Amino acid sequence: MPHDDALPLTPEAAVPEGRPPEPARPPELEPAPVRTAGQARTALARLLDAAGHPGGQVLADAQLAVTELVANALRHGGGLTCFEARLGRCGTELVVEVEDKDDRHPVVLSLHDRDPATAGGRGWAIVQALAATCQVVPLPAGGKRIRVTFAL
């Protein structure tokens, strides 16, 4: 008969008899890097939920804006190089930053100046309409950072 140390232990085998096993704790993991608009929307929802904010219209507006920002970075900006979301100003605002490889600023076209039958071209106008502030900052090594805020 093999020695007990040679047998693999299951969680049940490691618990003394008569005592229920403790629930497994998920390992503490760093958030996965955001590479898609869907991941960005999920990151915002988790951030606001962890902060105890109900979400609501702020979350809906922020998720639509980051969908546009991430999609534009992927489609027009040479790729998404960084995504960050955090609470700012003592928890009174949501700050979102999206970086891409392109130095060009987003094209500013009024929603009213677009042909409703034409696809695309509305993303930056949507972001500007939804966010409390929008800022485009050139990056020293090339590319840009777009920072938008939403009042909580």
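**Overall architecture and helix packing**

The chain exposes about 10,200 Å², of which carbon and sulfur atoms supply 56%; accessible areas come from the Shrake-Rupley method with a 1.4 Å probe, and for residues only the protein chains shown count as cover. The model is predicted, so local features need pLDDT of at least 70 and side-chain atom pairs count only at pLDDT 80 or more, while totals for chains, interfaces and linings use all residues. Residues are numbered from 1 along each chain as its sequence is written, and side-chain values use heavy atoms, with hydrogens and water left out.

The secondary structure comprises 3 helices and 4 strands, arranged along the sequence in the pattern α-α-β-β-α-β-β. Here helices (H or I, at least four residues) and strands (E, at least two) are DSSP runs, numbered from the N terminus. Of the 152 residues in the chain, 30% are buried; buried means under 20% relative accessible area, exposed over 50%, and partly exposed in between (1.4 Å probe, protein chains only). Among contacts in the chain with a separation of 6 or more, 52% come from residues 24 or more positions apart, a contact being heavy atoms within 4.5 Å.

Two packed helices are described by the angle between their axes and the distance between the axes. Helix 2 (residues 56–75) and helix 3 (residues 123–130) pack at an angle of about 150°, and their axes are 9 Å apart. Helix 2 is therefore roughly antiparallel to helix 3, a term for angles over 145 degrees. Axes are lines fitted to C-alpha atoms, for helices over the stretch in contact, and angles run from 0 to 180 degrees between N-to-C directions. On the helix 2 side, the contact is made by Asp61, Leu64, Ala65, Glu68, Leu69 and Asn72; helix 3 contributes Gly123, Trp124, Ile126, Val127 and Leu130. These contact residues divide into 7 nonpolar, 2 polar and 2 charged (Ala, Val, Leu, Ile, Met, Phe, Trp, Tyr, Cys and Pro count as nonpolar, Asp, Glu, Lys and Arg as charged, and the others, Gly among them, as polar).

Within helix 3, the buried residues are Gly123, Trp124, Ala125 and Val127. Their cover includes helix 2, strand 3 (133–138) and strand 4 (144–151).

Arginine 89, in the loop between strand 1 (80–88) and strand 2 (93–100), has a positive phi of about 45° although it is not a glycine. Arginine 89 is exposed, with a relative accessible area of 63%. Cysteine 90 lies in the loop between strand 1 and strand 2 and, although not a glycine, has a positive phi of about 55°. Cysteine 90 is exposed, with a relative accessible area of 84%.

Technical notes
Angles under 35 degrees count as roughly parallel, over 145 as roughly antiparallel, 65 to 115 as roughly perpendicular and the rest as oblique.
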